[in-house]
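Me: I'm new to this one. Can you walk me through it?

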Amino acid sequence: MIILHQIDPIALSLGPLQIHWYGIMYLLGFVTAWWLGRRRVRAGRLPGVSEASYGDLLFYAMIGVVLGGRIGYVLFYGFADLLRDPLMLLRIWEGGMSFHGGLLGVVAAVWWWSRSQRTHFFDTLDFIAPLVPPGLGFGRLGNYIGGELWGKFTDGGWGVVFPRAPEFANWSAQQLQTQFAAGALERYARHPSQLYQAALEGLTMFALLWWFSSKPRPRYAVSGLFALLYGCFRFLVEFVRVPDQQLGDHGYLAFGWLTMGQVLSLPLIVLGLFWLWLSTRSPTLQPQLPAAEPAKG
């Protein structure tokens with residue numbers, strides 16, 4: 001079934017203030033991580049850490065996502081633009097966030113917090129890994145609602161016509177609706193790669209990681225599975241996703257198919273396999289329920 005994308009990316013307008021669905025998706029991701037993380041803290045999955053301390057960790061991670069995501073996007077995908085206009089690094093509202101950069105930002109935040117708490121870095125990383133996929137899923141839904149980061153053309157009998165795609169640069173909304181109703185836009189249907197990623201990086205990864213981490217696992221195991229799954233899922237989806245056109249030959253770095261997203265995912269696959277191997281000779285952190293607070297009065 002072919003769908004015409006007609007979702008308004010702006011959820012709410014309050015005078016000059018516009019609240020975008022993409023921002024709401026980010027908020028949902030952080031709220032979900034906060035709720036799930038509190039459950040894990042209460043279950044003693046990170047011994048010695050209180051809910052208040054976990055709140056600090058989540059705050060640092062939020063900063064890491066935003067700063068790392070923006071800096072990563074500029075370095076990986078828009079470095080030439082940065083050289084021409086250094087201030088574009090600060091204009092986050094114009095769009096442009098990188099998962100791989102955001103991941104590095106979160107890792108830096110986890111390292112900083114773990115050091116201040118005197119907690120093993122990988123114990124914290126294993127704790128937080130299952131909390132990340134819901135945010136990835138919500139983020140990809142935000143991409144779909146915004147009609148961005150679409151896939152390649154598909155003739156598989158399904159797909160989405162994205163009005164923001166370059167082939168419709170000079171089309172009005174009325175023209176699009178009229179031609180779509182006449183069945184003239186089927187050849188412009190694209191893979192909804194954002195939804196593929198939401199299903200794989202969000203729903204599937206969360207289900208697997210939450211199940212896997214429901215029992216104590218050796219150190220490095222949960223982080224290793226996260227890196228392996230994301231690297232594989234992202235590498236595969238890149239085959240049907242339109243690459244960033246500003247890089248290489250029509251967005252491809254080599255062989256007519258290799259994208260920057262795939263290049264950045266390969267180290268995650270290798271790292272995930274290495275951490276899983278390392279976990280076979282590492283200790284297992286056992287849950288320890290938090291001490292009950294003394295009664296007042």
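Reply: Here is a quick chat about aromatic rings, charges over rings and a helix pair. It's a predicted model, where local features need pLDDT of at least 70, side-chain atom pairs count only at pLDDT 80 or more, and totals for chains, interfaces and linings use all residues. Residues are numbered from 1 along each chain as its sequence is written, and side-chain values use heavy atoms, with hydrogens and water left out.

Me: How many aromatic pairs does the structure hold?
Reply: 18. Rings of Phe, Tyr and Trp (its six-membered ring) pair if their centres lie within 6.5 Å; planes under 30 degrees apart are stacked, over 60 edge-to-face, the rest tilted. F59 and Y60 make a tilted pair, 6.0 Å centre to centre with 55° between the planes.

Me: Which rings does the cluster link?
Reply: Ring pairs join F121, F122, Y220 and W275.

Me: New topic: which ring face does R39 lie over?
Reply: That of W35, 5.4 Å from the ring centre. Likewise, R217 lies over the face of F212, at 4.3 Å. To count, NZ of Lys or CZ of Arg must be within 6 Å of the ring centre and within 35 degrees of the ring normal.

Me: And helices 9 and 10, at what angle do they cross?
Reply: Roughly 150°, with the axes of helix 9 (residues 221-237) and helix 10 (residues 260-279) coming within 7 Å. That makes helix 9 roughly antiparallel to helix 10 (angles over 145 degrees count that way).

Me: What meets what there?
Reply: Residues including A221 and L225 in helix 9 meet residues including G261 and W275 in helix 10; contact means heavy atoms within 4.5 Å.

Notes: Axes fitted to C-alpha atoms, helices over the stretch in contact; angles between N-to-C directions. Helix = DSSP H or I, 4+ residues; strand = E, 2+ residues; numbered from the N terminus. Parallel < 35°, antiparallel > 145°, perpendicular 65-115°, else oblique.
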